[in-house]
Amino acid sequence: MARQTDTARRRESMIIVGGGLGGLSTGCYARMNGYRTRIFEMHEIPGGSCTGWDRSDFTFDWCVSWLLGNGPGNEMYQIWLELGALQGKEMRHFDVFNIVRAQDGRAVYFYSDPDRLESHLLGLSPADAAPIREFCAGIRTFRKALAAYPFLKPVGLMGRLERWRMLASFTPYFNTIRKSIAVLMTDFSQRFRDPLLREAFNFILYEKHPAFPVLPFYFQLASHANHAAGVPEGGSLALARSIEERYRGLGGEITYNAKVEEILVERDRAVGVRLSDGREFRADIVVSAADGHTTVMKLLKGQYLNDTYRRLYTSLIDEPGQLSPGYVALFLGLRKPFPTGDPCTTYLLDERQAAELTGIRCRSMNVQFRTRHYPELAPADSTVVFATYFSDIAPWRALHEGPEQSSRIRRGEELHTLPVKHGREYMAAKRRVRNGIVGFLDERFPGFKDAVAVADVSTPLTQVRYTGVYDGTFPGWNPFVEGAETVEEEIKKSGPVLPGLSDFYLSGVWATIGGLIRAAAAGRHVMQFICRDDGLEFTAEIDRSAPPPTHLVIPVGRPGPARRTVPAGAGQAARTEDSENVETGALA
């Protein structure tokens with residue numbers, strides 16, 4: 001790949017478009033390597049989709065149900081520590097990843113510990129011993145393999161020897177990885193004789209993912225079993241604010257309520273940005289961590305696309321299944337505790353129940369008693385419930401009226417994420433969603449409906465309003481399909497750049513595939529490319545300004561005290577104890 005700069009000048013300043021986790025991460029690593037940086041974010045707060053908001057005295061947390069890499073034994077953990085995301089916080093881990101409940105009331109508890117999971121599943125269906133034992137053996141293998149997964153350095157920058165060593169590290173796990181990536185979970189699940197298991201396995205990851213092979217199910221459950229996929233104290237917005245604090249502490253600047261309308265280009269070189277209010281800012285480098293379609297088709301006017309990117313963003317992006325689905329989410333603040341509410345349950349719905357939920361893709365709904373995750377985000381003796389389902393944006397667009405996003409002046413300042421009027425039919429659909437879910441839960445938890453004090457419904461159009469993301473998708477390209485694989489191959493081959501445009505780079509979830517840890521890793525990766533192009537040695541350091549995180553394991557659905565744990569290395573048993581929090585994960 002041709003370098004993005006000539007050797008006659010030293011690039012020193014950088015503008016970053018977007019203050020989500022990808023933009024914040026890019027800013028942190030840029031500052032660690034000596035670049036002057038300024039982030040422009042159109043919202044009033046950091047985080048992008050990693051966010052939460054207040055309603056009355058409740059905080060509704062929209063994003064983190066599990067955070068990959070929030071415990072040691074893998075390279076993901078080092079990235080979070082470098083970004084200052086976890087230090088000084090308690091990491092909470094449930095011993096059940098998800099519960100799947102059928103319409104007849106039967107339930108499958110997907111314990112993260114493969115031994116407990118195997119025992120539970122065999123108790124439900126002894127006739128399915130073969131696929132049960134194969135699946136649980138795969139989790140055990142992946143618990144060891146997690147330490148070998150590369151997150152710190154992009155494959156595109158690895159030399160031949162580095163790639164050989166990386167592949168060699170996977171040798172003990174090769175057969176399991178090969179088989180698990182070649183078989184779709186929808187096909188694997190058909191091996192079960194028991195109808196409940198045949199259906200439930202498709203919903204381990206909360207919703208049904210038809211394009212997912214078995215591999216990501218192994219990866220998530222193994223991470224959870226290694227206590228590296230819990231939730232961080234304070235929730236999603238607090239996670240984003242911790243990284244923002246790290247960024248500011250490194251000397252970075254961030255400007256909110258600043259919507260970038262155009263990336264300025266002179267002689268095929270990115271030189272700065274123009275904001276919606278007409279102001280222009282210049283820098284030696286421009287990095288976009290914003291929505292991929294907005295970046296290439298609007299901010300750059302579709303001018304720097306090779307055949308691969310042109311197909312990605314003009315045709316493939318609109319094909320069914322290429323983007324991750326949008327979500328409809330209902331938040332409820334309840335003036336009553338519900339101790340029998342489990343942290344996370346996927347309910348399989350009948351046609352009547354699903355008919356109330358506009359845009360629903362599959363007859364299922366995930367319900368989290370969110371105060372089990374984040375008790376600090378609600379008053380004492382109260383409950384927050386977070387109910388979600390996959391939803392296409394088209395049915396909501398068919399109901400709405402007016403603009404999907406509108407910038408307005410308020411108190412002399414231009415704001416870009418203010419509410420917009422979607423019309424009566426749209427609001428009626430939101431009320432049906434709220435009433436349908438509340439009625440469903442009231443049948444299962446006596447007194448539920450009467451305890452509701454606050455309710456809030458978000459749709460894919462809500463996601464568009466707050467982040468500008470294409471079709472309300474989160475988090476961008478759907479893994480394991482053509483679009484995602486094309487993006488990965490293009491970046492591996494050429495780096496996070498666009499052909500013919502110098503001093504410009506891509507970051508964030510649209511420059512990679514996956515969720516929050518991938519967005520965070522993308523910031524590290526893009527800076528390694530930039531340092532390579534500038535002839536600098538990339539450097540990164542762990543934030544040592546606060547103590548390491550502590551870890552808490554919380555039993556689900558059985559009596560007994562919470563168990564506190566020191567996560568062990570991958571594949572080793574964790575040490576647990578019924579005592580106070582213990583500091584874990586030395587910052588080394």
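Which element gives the most to the lining of the largest cavity? I found that E6 does, with four residues.

**Entry: ground rules.** I am working on a predicted model, in which local features need pLDDT of at least 70, side-chain atom pairs count only at pLDDT 80 or more, and totals for chains, interfaces and linings use all residues. Residues are numbered from 1 along each chain as its sequence is written, and side-chain values use heavy atoms, with hydrogens and water left out.

**Entry: cavities.** On a 1 Å grid over the protein atoms alone, a cavity is a set of points where a 1.4 Å probe fits but cannot get out; a pocket is an open set with protein on both sides within 12 Å along at least five of seven lines; lining residues have an atom within 4 Å of a point. Grid points are joined across faces, edges and corners, and the volume is the space filled by probe spheres set on the points.

The largest cavity comes out at about 110 Å³. It is lined by 18 residues, and those closest to its centre are Phe-94, Val-96, Phe-97, Tyr-206 and His-224. Strand E5 (90–94) and strand E6 (96–101) are the elements that give two or more residues to this lining. Helices (H or I, at least four residues) and strands (E, at least two) are DSSP runs, numbered from the N terminus. By class I noted 11 nonpolar, six polar and one charged residues in the lining. Here Ala, Val, Leu, Ile, Met, Phe, Trp, Tyr, Cys and Pro count as nonpolar, Asp, Glu, Lys and Arg as charged, and the others, Gly among them, as polar.

Entry: At least two lining residues come from each of helix H1 (21–32), helix H11 (292–299), helix H17 (460–467) and helix H19 (516–533). I sorted this lining into 18 nonpolar, 17 polar and four charged residues.

**Entry: backbone.** I checked for cis peptide bonds and noted one joining Phe-474 and Pro-475, with omega about 5°. Pro-475 sits in the loop between H17 and helix H18 (482–494).

Tyr-206 has phi near 80° and lies in the loop between helix H8 (195–200) and helix H9 (215–225). Arg-411 has a positive phi of about 50° and is found in the loop between strand E18 (408–410) and strand E19 (413–415). Are these two buried or exposed? Tyr-206 is buried, at 7% relative accessible area, whereas Arg-411 is exposed, at 79%. Buried means under 20% relative accessible area, exposed over 50%, and partly exposed in between (1.4 Å probe, protein chains only).

**Entry: cores.** A nonpolar core is a set of buried Ala, Val, Leu, Ile, Met, Phe, Trp, Tyr and Cys residues joined through side-chain atoms within 4.5 Å. In the largest one, of 116 residues, Trp-80, Phe-135, Phe-201 and Met-527 touch the most other members. H19 gives the most to this core, with nine residues. Not counting residues up to four places away in sequence, the contacts of Phe-201 (heavy atoms within 4.5 Å) include Phe-110, Leu-121, Phe-135 and Met-185. Another core, of 36 residues, lies apart, and among its members are Val-17, Leu-300, Trp-477 and Val-487.

**Entry: ring pairs.** My search of the whole structure gave 34 aromatic pairs. Rings of Phe, Tyr and Trp (its six-membered ring) pair if their centres lie within 6.5 Å; planes under 30 degrees apart count as stacked, over 60 as edge-to-face and the rest as tilted.

Phe-142 and Tyr-218 have ring centres 5.4 Å apart and planes at 45°, so I logged the pair as tilted. Phe-142 is in helix H4 (residues 129–145) and Tyr-218 in helix H9, 76 residues apart. Phe-142 is buried at 0% relative accessible area, and Tyr-218 is buried at 4%.

Phe-212 and Phe-480 have ring centres 5.4 Å apart and planes at 75°, so this pair is edge-to-face. The two are 268 residues apart, Phe-212 in the loop between H8 and H9 and Phe-480 in the loop between H17 and H18. Phe-212 counts as buried at 9% relative accessibility, and Phe-480 as partly exposed at 30%.

Last, I noted a cluster linked by ring pairs, including Phe-110, Phe-135, Phe-142, Phe-201 and Tyr-218.
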